[in-house]
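Load the model in your viewer and keep the selection tool at hand.

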Amino acid sequence: MKKILKLGGKWLAGMTAFVVVSVCCGALASGLVLPFALVSSAVVDTGQTVLEQVPDDLQLPELSEKSYLLAADGTLLTTFYSQNRVVVSLDQISQPMRDAVVALEDRRFWEHSGVDILGMARAFVNNSTSDGPTQGASTLTQQLVRNSLIEKAVLANDYEAAADAVDFSYTRKLREAKMAVAIEEKYGKEKVLEGYLNIAQFGPSQYGVEAAATYYFGVHAKDLTIVQAATIAAITQEPNGKDPEHNAERNQGRRDDALDAMLRDGYITKAEHDEAVALDVADTLNLTEPKSGCEAADDPFHAGFFCDYVVAEIRNSEAFGQTAAEREALLSRGGLTITTSIDLSAQNNAWNALNAQVPVDDPSGVGHALTAVEPGTGRIIAMSQNRYFKSGTTEDPLYTSINYNVNRIYGGSSGFQPGSTFKPFILAAWLEAGHALQEPFDGSKTTYKPAYFKASCVDGGRVGQAQWSVNGGAAKGVNAYRATAGSMNASFVAMEYKLDLCDVRNLAERMGMTRADGDPLELSPSMVLGTNEVSPLSMAAAYATFASGGIYCPPTAIDGVTRSDGTELELPEHPCTQAMAKGVADGVSAALLNAVQGGTGTAARISGRAVAGKTGTTDKAKAAWFCGYTRQLAAAIWTGYPGASKILSGRIGSQTYGEAFGGTIAAPTFARFMGPTMEGKEKLTFDRPPSSIERGRAIPVPSVIGMTKDKAQKTLEEAGFQVTFDDGGYSDTVPKGAVAAQNPSGSAYPGTEVTLTLSLGPAPAPPPPPPPPPPPPTPPPTPPPTPTPTPTPTPPA
């Protein structure tokens, strides 16, 4: 009796579904009405309620598609997806693939109007009279409806709606059937088939036939053969259980069913059928693992950290969505093609240069990172470090998810002190303030009182810690050229002392500088020695400002983004700005060029090419830097112990260091990277700075004639001149000890040495002239000459 009641209940439920769907489809011909004449009006009422739930604006959803990350030259770096799917049009799907799905899943697809009445009747009879497995009667159109409802629910994070879409109830089947009829009326058969082949799951993580074709056979959907098409069609009934990779035998049984159906319906010949059936599924596979996530970009391109930075750019920018969830969905479901700025040749050069100096598996554990930025655009050309990228946490010291090159918000660390690579910011502020490269100044002071440095933007107008002593680089009569080439600490502090620290910080900020934790630069006298923790990317972009004639461009990794339909996505704005006058930038470049040619940065020289740059080593050699550039490319290199404050000493890479400095460990890496990267590119030189930057502008030289020695010296020094004294000279008009003469006078460049002559007083009276010499003695008179006798002639014989 229980079995009869059970079958009766199943019969009534099935009858309800059949009648309502028949009404929906207009298929209740007289031959079909009679068997159900006794169905109660309640059945029709139930159907009417379901029909009222069908939305008026019924549409197929935009499907989740994977996004592609490309290098600048179009090379695929990796993909991102929540569902591995590539939407293709029907003409990009082979005929055997279309036929296999229709023959196996819905043989009357081309005949019905969305619901297969005969199939439903068959399923109704079976399900009403048998305790065995229920039979489905869903057409491809109904399956499309069901998958569309699931897709919409997932996109909306409505998991209850997703569960309702797969609920095995006749109420759900009724609604699905009505929607199937409406879908076919709206879109037509070919669009329905295209939608199904793109939305259906064809493997554990393959959605749509294009992704399945690529994964299982390494081909596009348009190139699928008969046996490949049948294999893929066999999966969708049970995507995990009939996956040919892990369940080849079960897949093969279903695949052969598909081939039998294709033969039955005339899609293939007997010979084609027999040839396909004879093949083992395992022998036909050509598995092609999809690249996904930033770990995939690390091999073979060593671009995992760059990839992670791009993802962070998207996640942090409202240009890609108002909320974090929207941005994440756009990346993983939006079908984007993201073309980045990375140059794979430069990236490879960066990886090789870093590992030549400090290999990834070096026992020292020292970290080594490099970022290169294009001046004038801000495009990130290379970003690498001597570690392998791995998302999440790991105890393997060779792997990390922390990008040493970038600020914390982009997946980086809290930054590193840049040491003397910060000095060019002081130099730029020095030149902006009207000083000159050749201007001499006194850099000999090594001790400063508390709160002794000017800072107009803070309360009290002064900043400074307790009495501060500066080590190294003290000299009198030094100029900016010499101070920069020798990285002279005390001399740079003397320059800083003459500036407003707020102006220094403002200039650095105009060049994009912040602390790596996102906070503003800390204002203190020691900032000249690089005490703020910053990132290599920020330093590379700032140095690119010098290379581009003072134009700062915020760094960017994304060149363009397009959707799957070809429309371009509007990128975040990264406007370039004139951070300083071109002459100032050229002046800094002149000093940094000198530092590489004959200063601390000689290891960064590249034969035949103009290179400017600055070394940096923090207190006790806990970090070593080199930041430098050509006209076309700027790069920053950091070396240190990640997460630890340890001295760089001992065996590091192939060398042993007492202490490693920027000029000995970071500068060589710059040369190894920049040399091959610049090969074949035009050899550009830097523009010479104007004379006002080189030597300064001529200013009046105060006349100090007649002043005392001390007053004259003070007057000239306060006016910006150096003072020397010669041996002095006499003056009838200037008192003894006062200034009698000066050279130069009139006007001269600031810092010019003025030579003063101190008066020795009136010249002493000249001595009386010597008496005239006595007249010479009178010579004795000369005697008359003796006459010569005349000879007597001899007579002839």
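Select helix α4, residues 95-105: 9 of its 11 residues are buried, so the rest of the structure largely encloses it. Buried means under 20% relative accessible area, exposed over 50%, and partly exposed in between (1.4 Å probe, protein chains only). Helices (H or I, at least four residues) and strands (E, at least two) are DSSP runs, numbered from the N terminus. The buried residues of α4 include M97, V101 and L104. Show α6, α9 (189-199), α10 (209-217), α11 (226-233) and α12 (248-264) as well; the buried residues of α4 pack against them.

This is a predicted model, in which local features need pLDDT of at least 70 and side-chain atom pairs count only at pLDDT 80 or more, while totals for chains, interfaces and linings use all residues. Residues are numbered from 1 along each chain as its sequence is written, and side-chain values use heavy atoms, with hydrogens and water left out.

Next, select S64, in the loop between α3 (41-51) and β1 (67-70). S64 counts as buried, at 1% relative accessibility. Leaving out residues up to four places away in sequence, S64 touches S82, Q83, R85, E151, S332 and R333; contact means heavy atoms within 4.5 Å.

Then go to D158, in the loop between α6 (140-155) and α7 (159-165). D158 has a relative accessible area of 36%, which makes this residue partly exposed.

Finally, zoom out to the protein chain, which has 27 helices and 28 strands. Of its 797 residues, 50% are buried.
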